[in-house]
Amino acid sequence: MMQRRNFLQNLMLGTGGLSALPFTSQATNQNLQRILGYAPQKDVTTDEDYWAQIQWAFSASPNLINMSNAGVSPQPIMVQDALTHYNKLCNEAPTYYMWRILDENREAVRSKLADLAGCLPDEIAMNRNATEALDTIILGLELQKGDEVVMSLQDYPNMLHGWRQREKREGIVIKYVNHNPLPCEDNDLLVRRYVELVTENTRIVHLTHMINWTGQLLPVKAISEAVKKKNPKIKVVVDAAHTFAQIAYKIPDLGCDYLGASLHKWLCAPFGTGLLWVKKEHIASLWTHTPSDNPLKDDIRKFEGLGTRSFPIEMAIGHAVNFHNAIGTERIQKRLQYLKNYLLTRCVDLPNFYTQTSLKPEFSGAIALIGFKGMTSGELHNSLMKKSRIYTSPVTWENVVGVRVTPHIYTPIKDMDKVILTLQDIAKDQNKAPSK
Ligand SMILES: Cc1ncc(COP(=O)(O)O)c(C=O)c1O
């Protein structure tokens, strides 16, 4: 096992050839040392001293309480510093530093991501976001007119649009599960909803591991096994935008065939980073959207032939993985669950308050969807902003109505208290107001 001191040294270094460049400040380095000083086996879920060190590793605004982290996450200062450093370097001579120097580290970054994902490096491609990763799969799969895809009305709109384009253009058929009501705390029911729609023509089942609107977790492995048992021709596509680096699992354990994730959400990598995972045996048969001389070759790198883009962004992913590993996914998962439940348990009894998010860790993560009966999602969003400068995400989608409140690892408990106090205040105002 890597010695802690070596690990710390690695944290301070670049991703390879550019080692020992002191691009982070002494304060940032000392802060990282303190984070690493905690014994890995210690439960720190409610240890506010520990999480205070994490807060100092970020540069969160003191003027806004950001509870909209499910959209995109801020980066720790060390990741911002790495990005600035690589960017400055590349501006000295772009083709030399991007294509000759930084690109040499591409395989090291791939390996780091593969370690975190628990899979082979040869199954991981880096790209710009979950949309690009999932659209590569959705538009690259070989399907015929009449082939059926099972997905849900609560899947992410970009993915619904991707499959619907194929429906319009090529005559595939989409069948929809409707997750209503949410939350659902019955895994058998969640599995049944997908299995019931499977026919002999079903070729694809598309699953959102954590539904972005409410934070509902789906039992991907159980669904995958059950649908494949009914029709062995099925391949399972997983949208892991919200679970990668938030929930502890290894991709191969999900029993899926293809997966796409964002790295700028829970991994805190630079804006515009994502990951495509394709099970080794399916790489050759998946078409690319930026073809090379041989688009059907058995090499995951064929999905990275995008042309010129920001190599500094890609290289800084390695630093985000280092920062993440210094905390560990299990700790992050537990802390986020704790913060979300800290809020919900203190608000469930407020008059007219409701939530569409489970309090159970098997069915939820960091995301909480909340509302007040008689208030639109826009009204609640505006009220939180006006009263306390708490920024949330208003949601009105299918059967989901409310605001999405999402803390992150840098969120101090006093910010959660502020949200709770403001919600109590809104509940009081509502009680005073004449009913609509
Ligand atoms: C479930 C889900 N899938 C996909 C995406 C798209 O992610 P990206 O912005 O990285 O393309 C999102 C974004 O919020 C999401 O919530």
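This is a predicted model: local features need pLDDT of at least 70, side-chain atom pairs count only at pLDDT 80 or more; totals for chains, interfaces and linings use all residues.
A320 touches V79, L267, C268 and A269, leaving aside residues up to four places away in sequence; touching, or contact, means heavy atoms within 4.5 Å. A320 itself lies in helix α11, residues 311-327. Helices (H or I, at least four residues) and strands (E, at least two) are DSSP runs, numbered from the N terminus. A320 counts as buried because its relative accessibility is 0%, and buried means under 20% relative accessible area, with exposed over 50% and partly exposed in between (1.4 Å probe, protein chains only).

Residues are numbered from 1 along each chain as its sequence is written, and side-chain values use heavy atoms, with hydrogens and water left out.

Back to C268, one of the residues touching A320. C268 sits in the loop between β7 and β8 (274-278), and its phi is positive, about 60°, although it isn't a glycine. A245 also has a positive phi, near 75°, and it isn't a glycine either. You'll find A245 in the loop between β6 (235-239) and β7 (258-262).

Now the cysteines. A disulfide is a covalent bond between the sulfur atoms of two cysteines. Here it's counted when two cysteine sulfur atoms are within 2.5 Å, and the count comes to 0. Take C256: its sulfur is 10 Å from the closest cysteine sulfur, in C119, so that's too far for a bond.

Some buried residues are listed here:

| Residue | Relative accessible area |
|---|---|
| C184 | 5% |
| C256 | 3% |
| A245 | 5% |
| C268 | 2% |

The loop between β4 (173-177) and α9 (187-195) holds P181, and the peptide bond from N180 to P181 is cis, with omega near 5°. P183 is in the loop between β4 and α9 too, and the bond from L182 to P183 is cis, again with omega near 5°.

Finally, the ligand. Residues around it (a heavy atom within 4 Å) include N129, Y156, D239 and K265. An oxygen atom of the ligand is 2.5 Å from an N or O atom in the side chain of T131.

Methods
A polar contact is a pair of N or O atoms within 3.5 Å; within protein, one must be able to donate a hydrogen and the other to accept it, and residues adjacent in sequence count only if both atoms are side-chain atoms.
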